[in-house]
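This report describes a single protein chain. The sequence and the structure come first, and the description follows.

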Amino acid sequence: MWREPQTLQAEAMEGREEEQKEEEEEKAEKIALWLKKIFGDQPIPKYEVNPRTTDILYHLSECNKTRDRDVSLVIEDLKQKARDYESEAKYLQDLLMESVSLSFTSLSSIGSSYLNALVDSALVLETKDTSLASFIPAVNSLAADLFRTKARNEEMEVELNKLGKNLTATLILEKCLREDLKKAELHLSVEKARVDSRISNIDFLKAKSDDLRLRIKAAEEQLSARGMDDSLSHQSLMALSERLAELKQQTAPLKKKLESYLDLMPNPSLAQVKIEEAKRELNSMDAELTKKVDMMELLPDQSKRRFT
């Protein structure tokens, strides 16, 4: 019988939904059994049932079952080992009893303590038995471990000493840096005070300079208003002083020349003429020089009278 593809697809989807529903129900039953096993007589806490919580709880239940199975296998293995140890112990007891008529109950207190110490040593060393062949490798291994531990301790002690030295050097360096920082701060404060003092002095000098500039300007305006000649200014006086110095330098060779004429003996009339000319020139320069000097001496008195 022929069916349409859509019908077949719908039937397949319905089949998958039914299988998924059956799988969800199976998971829910397994989860309920696992929770009942876990909580026992206690009530199971309520939780929201949805696909996510169902998958999480199902995964936890499977992990728990796997762990329980592994634990049961380990327990069975330990029980089997215990049975083997018991049979071996029984065999050894029978062997001692048959060979030397010696049993554990017949041992003295000292023998029992020795035997217990031997058993405890075997347990600590994790040997398979108490034979000498088992004890020697175990003791050698323990000695090797002890040697390695000592070597490691020595290395750690050396490293600790290095760290201690480095720490000491670091602390000393920190102390020096703190001292240098204090010195730098002190020097900075001193320099700051000095700079502040210089700034205040500069401000004072600037204010004083401005005041003097204003006073000079006012004095110049006052002198100009009173009709002061420009030749009496400071610059003119300085130029006059320089001119006076030049004149003195110019008269010096003339004086020397006059002295040389005075020393000449021949032709007295001509020498007398030359001498008279030199005297007149010298007297003229002396008069001009005296006049300049008098003017320079007179100017300060006039300035004082004008200012007063």
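The text below covers the fold, the surface and a few charged side chains.

**Fold and surface**

The model is predicted. The chain has 6 helices and 0 strands, so that the pattern along the sequence reads α-α-α-α-α-α. Of its 308 residues, 10% count as buried. Among contacts between residues at least 6 apart in sequence, 53% join residues at least 24 apart. The chain exposes about 26200 Å², and carbon and sulfur atoms supply 59% of this area.

**A negative patch**

Which residues form a negative surface patch? The patch consists of Glu14, Glu17, Glu18, Glu19, Glu22, Glu25 and Glu29. One of these, Glu25, is found in helix α1, which covers residues 5–39. Glu25 has a relative accessible area of 43% and is partly exposed.

**Salt bridges**

The structure holds 7 salt bridges.

| Pair | N to O distance | Location |
|---|---|---|
| Lys81 and Asp77 | 3.7 Å | helix α2 |
| Arg178 and Glu174 | 3.0 Å | helix α4 |

Asp55, at 37% relative accessibility, counts as partly exposed.

Lys81 and Asp77 form a salt bridge through their side chains. Both residues lie in helix α2, 4 residues apart, which is about one turn of the helix. Lys81 is partly exposed at 41% relative accessibility, and Asp77 is partly exposed at 40%.

Arg178 and Glu174 also meet in a salt bridge. They are separated by about one helical turn because they are 4 residues apart in helix α4, which spans residues 132–225. Arg178 counts as exposed, since its relative accessibility of 52% is over the 50% limit. Glu174 is partly exposed, with a relative accessible area of 34%.

Terms used: Residues numbered from 1 in each chain as written. Predicted model: local features only at pLDDT ≥ 70, side-chain atom pairs only at ≥ 80, totals over all residues. Heavy atoms only, no water. Helix = DSSP H or I, 4+ residues; strand = E, 2+ residues; numbered from the N terminus. Buried < 20%, exposed > 50% of the residue type's maximum accessible area, 1.4 Å probe, protein only. Contact = heavy atoms within 4.5 Å. Areas by Shrake-Rupley, 256 points an atom, 1.4 Å probe, with all protein chains shown as cover. Patch = residues over 30% accessible without salt bridge, like charges linked within 9 Å, V, L, I, M, F, W, Y side chains within 5 Å. Salt bridge = Lys/Arg side-chain N within 4 Å of Asp/Glu carboxyl O. Lys, Arg positive; Asp, Glu negative; His and termini not counted. Charge placed at Lys NZ, Arg CZ, Asp CG, Glu CD.
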